[in-house]
Amino acid sequence: MEAVVRKQLQQQLLSNNLISNRQFGFRPGHNTADLLNILSQKRNNTLDQSYEGSVLGPLLFLVFIDDLVEVCQNVLFLYADDSTLFAPIRTSDDTDAVAASLNRDLSSMKVWADKWKVTFEPNKCLHLNLTSTLETENCQQ
């Protein structure tokens, strides 16, 4: 009996537009994927129109990430969501010790990231040696 009532009531509600077109649950021809597609398109349209989301968000992000510098023994510079870990190598004898110190800082940063559910993009990681000649290479971890 419920099935008969549901079918007739649903037909009446839908044919008279008494259920919002923005309702995707329990409606024939509507599903979660449809809603996700619409939301994705709305987001892309908003970005294309240069509405750059929250005005407060960037400042709150700076507050959120600010303590990252405290987990490093070496100097860590931040620019928004980019970071630069710096340590001078004063003599060639210091190379191994500085490398070990930088690696400890990278490990500490990983612990911080895991704690706060933040990910770092390894493809953006670059190792840079500033000497009388410039040398770069991708990070290998």
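Helix α2 has 17 residues and reaches 24 Å from its first C-alpha to its last, close to the 24 Å expected at 1.5 Å a residue; the expected span is 1.5 Å times one less than the number of residues. Helices (H or I, at least four residues) and strands (E, at least two) are DSSP runs, numbered from the N terminus. The model is predicted, so local features need pLDDT of at least 70 and side-chain atom pairs count only at pLDDT 80 or more, while totals for chains, interfaces and linings use all residues. Residues are numbered from 1 along each chain as its sequence is written, and side-chain values use heavy atoms, with hydrogens and water left out.

**The start of α2**
- Asn-31 caps the N-terminal end of α2, with a side-chain oxygen 2.9 Å from the backbone nitrogen of Ala-33.

**Arg-27**
- Arg-27 is found in the loop between α1 (2–15) and α2 (32–48).
- Arg-27 is buried yet has no salt bridge; buried means under 20% relative accessible area (1.4 Å probe, protein chains only), and a salt bridge is a side-chain nitrogen of Lys or Arg within 4 Å of a carboxyl oxygen of Asp or Glu.

**Positive phi values**
- Most residues other than glycine have a negative phi.
- Asn-17 has a positive phi, near 50°, and is found in the loop between α1 and α2.
- Asn-17 counts as exposed at 61% relative accessibility, exposed being over 50%.
- Ala-80 also has a positive phi, near 55°, and its place is in the loop between β1 (75–79) and β2 (82–86).

Key
Lys and Arg count as positive and Asp and Glu as negative; His and the chain ends are not counted. A polar contact is a pair of N or O atoms within 3.5 Å; within protein, one must be able to donate a hydrogen and the other to accept it, and residues adjacent in sequence count only if both atoms are side-chain atoms.
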